[in-house]
Amino acid sequence: MIAAIGIKRLGLAAATLAGAAFAALVLLSLLIPADTVRDSIKAEIRAVTGLDPVLRGDVAVSLFPSGTVVFDQVALGDNGGGEPAMTVEQLVVRLRFFPLLIGRVEIADVSLVRPTITISFTPDGRSNWSSHVEMLARALQPSPDRVVSFSEIRIGDGKVILRDEARKITETLSNVEFALAWPSISKTFAATGRFIWHDEIIEGAFSLSDFVAALVGDRSGLKVRFSGAPVKFAFDGYISHSPTLRMEGTLAADSPSLRDTLRWAAHRTPPGGGFGRFSLKAQTNVVGGNVGLSGVNVELDGNVGEGALTFVADGRQSVQGTLATEGLDLTPYVSAIRLLTTGDRSWERVPFTLDGLNDLDVDLRLSAARVTLANAKLGRTAVATNLHGGHFTVTVGESEAFGGVVKGSFGLAQAPGGAEMKAQLQFADVDLDQCLGELFGIRRIEGKGNLGFAVDSRGDSVYGLTKGLNGTANLISRKGAIAGLNVEQLLKRLAKSPLSGGNELRSGKTPYNLLSANLKIEQGTINVDDVHIEGPALRLGLAGSASIPARDLDLTGTASLLAASTNGAADAAAPAFELPFMVRGPWDDPLLLPDVQVLMKRSGAAAPLLETIRNSAARTQRPADGECPPAASQEFASVDANDKSRCAPQPGR
């Protein structure tokens, strides 16, 4: 019974209190002038933010049933000299309940509805927010007279416009939804929310451990988190900007596709293939426009590297660094680069696109214990890549490739009408079948050898480069074989039976002790002047030309079967049999054609046939009665004396 009475009394007291509050609110809404509320709110916003709100529209004050004030068309940070730093369609202020009961106007929180925040950077590095930040820092300085006020600001459906006047760049963040934890009690500042950039939703979080210190340029803890479909980014460290910007801490970035991230962020797509899964972790040190990354652990397309990188953003953007990796697979990046078409095996004619080479400077050194390049497996490799002024150069310090060592450089640059290419490479003691097969699609020479070439060209495609190719090439090999034909066996058979060719022309192997070639390339044509092959019992010499654009051969040569000396060795001075031949057709499958007339002359069985052919030719060329034979005719000797005298030149004629 007593408990029931107590509950009734408590309920009655609560109802009385609520009724009194209700009555007080009704009374206050009638007694407190709207101008007083408006001016109090403006003064409190100015005291907390340092910004003086400029009211350009209507003001709606509602103190009943809750204290709410709505300002239309408000400008913050309007210094009267141009575009304000922020404009707001509606500034909604919610008032604290209990202070309002005693007639005092205090802000509980502020909402910015559809604000437009403009941040502009001048060429000298200053921002349109510089003076406002200074005022905000003064307003937030600790002071015994400073009254604790509102600590929450919400941004709804906002827009942030970023302008860099020096680089002529303008970026817009739309649909900005953020909640700001203002440092009214503690020193920290935090912001969490989301925005849309380049049609992608990005969730973000930002915090400063000492907001006032950060505003005045002193050291403050900084945490940044951004997460979206294209990329995830995080930084945890410290920041200061007096006298210059400095940041140090741990940086982490992750992307399911670096290609998609670059397309989204910079509207540029790297050439070739690859640039898929990407992650980066590093210790970061930012000084001004220089970003230094140490202890770098980077992963791209399954390739993991460690080292250090430096990004320079002052003036022209550049990247420098050194990376080391155990295994490097370059197959994804060259898979989209086609030298030959897949159908007719001709050179690719798709025009080059090298526009991206002018946007960035790169100086990167890379070392790998093993390298995979399509079907080629390379050993320990050290390369340096340099990109400057649109000229891209790869310098191979040393690479264990094709069973030997490769050194040299390759360069590519944008040029009028296409691209300019220069290459100077030396292949020492390499597997020629693998090397020539991977580079040129030629798989005919087996064995070790040294290959070198220095070439340059200009063209709008791979085919265009082959048409304008100039330079020199040399090849020397010892103890190898030419696949696809057995010249020694063929010569021995033809020496015994000249008309019994057979399938040996396109099968077997020709072993050699020495293969030497010195070539000169002019406008896509290889001039073959000094090519000779020496085998245990034969000698081959070649001359003629080869077309690089057409990928075909037009060569003539002589194959000599060497006579054996008394001690069993070949006697190079006395060939037992010589056979002229021609090589015609495509590189991949050329046709070897021996000189048929030489074979027929050597064949006793063909002697009557040759005699018949000569007699037939003589009768065909013999002059008719009253006619003189041609001056170059060999049958002139068979004309009788009268015909000779008649056809002899006469004086005066």
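This is a predicted model: local features need pLDDT of at least 70, side-chain atom pairs count only at pLDDT 80 or more; totals for chains, interfaces and linings use all residues.
1. A contact here means heavy atoms within 4.5 Å. By that rule Phe 410 touches Phe 392, Thr 393, Val 394, Met 421, Lys 422 and Ala 423, leaving aside residues up to four places away in sequence. Phe 410 lies in strand 21 (residues 404-415); helices (H or I, at least four residues) and strands (E, at least two) are DSSP runs, numbered from the N terminus. With a relative accessibility of 35%, Phe 410 counts as partly exposed; buried means under 20% relative accessible area, exposed over 50%, and partly exposed in between (1.4 Å probe, protein chains only).

2. Residues are numbered from 1 along each chain as its sequence is written, and side-chain values use heavy atoms, with hydrogens and water left out.

3. For the chain as a whole, the secondary structure comes to 13 helices and 31 strands. Of the 653 residues, 37% are buried. Among contacts with a separation of 6 or more, 47% are between residues 24 or more positions apart. The chain exposes about 35500 Å², and carbon and sulfur atoms supply 57% of that area; accessible areas come from the Shrake-Rupley method with a 1.4 Å probe, and for residues only the protein chains shown count as cover.

4. Which residues have the most contacts inside the largest nonpolar core? They are Phe 402 and Phe 427, in a core of 57 residues. A nonpolar core is a set of buried Ala, Val, Leu, Ile, Met, Phe, Trp, Tyr and Cys residues joined through side-chain atoms within 4.5 Å. Strand 22 gives the most to this core, with six residues. A second, separate core has 51 residues, including Leu 76, Leu 136, Ala 214 and Leu 222. In soluble globular proteins, nonpolar side chains tend to be buried together.

5. Phe 427 touches Phe 402, Val 405, Val 406, Cys 435, Leu 439, Gly 449, Asn 450, Leu 451 and Phe 453, again without residues up to four places away in sequence. One of these, Cys 435, is a buried residue of helix 8 (residues 432-440), along with Leu 432, Leu 436 and Gly 437. The buried residues of helix 8 pack against strand 22 (418-431), strand 23 (445-446), strand 24 (448-459), strand 25 (470-483) and strand 26 (509-522).

6. The ends of helix 8 can be described separately. Just after the helix, Gly 441 takes a positive phi of about 75 degrees.

7. A salt bridge is a side-chain nitrogen of Lys or Arg within 4 Å of a carboxyl oxygen of Asp or Glu, and the count by this rule is 16. One of them joins Arg 219 and Glu 248, at 3.3 Å from N to O. Arg 219 is in the loop between helix 5 (211-216) and strand 10 (220-228) and Glu 248 is in strand 12 (residues 246-255), so the pair ties together parts 29 residues apart in sequence. Arg 219 is partly exposed at 47% relative accessibility, and Glu 248 is partly exposed at 36%.

8. Asp 254 forms a salt bridge with Arg 277, with the closest N and O atoms 2.9 Å apart. This pair also links distant parts of the chain: Asp 254 is in strand 12 and Arg 277 in the loop between helix 6 (258-266) and strand 13 (278-287), 23 residues apart. Asp 254 is partly exposed at 23%, as is Arg 277 at 43%.

9. Asp 260 and Arg 263 meet in a salt bridge of 2.7 Å, N to O. Because they are three residues apart in helix 6, about one helical turn separates them. Elsewhere, Arg 94, Asp 109, Glu 152 and Arg 154 are linked in a network of salt bridges.
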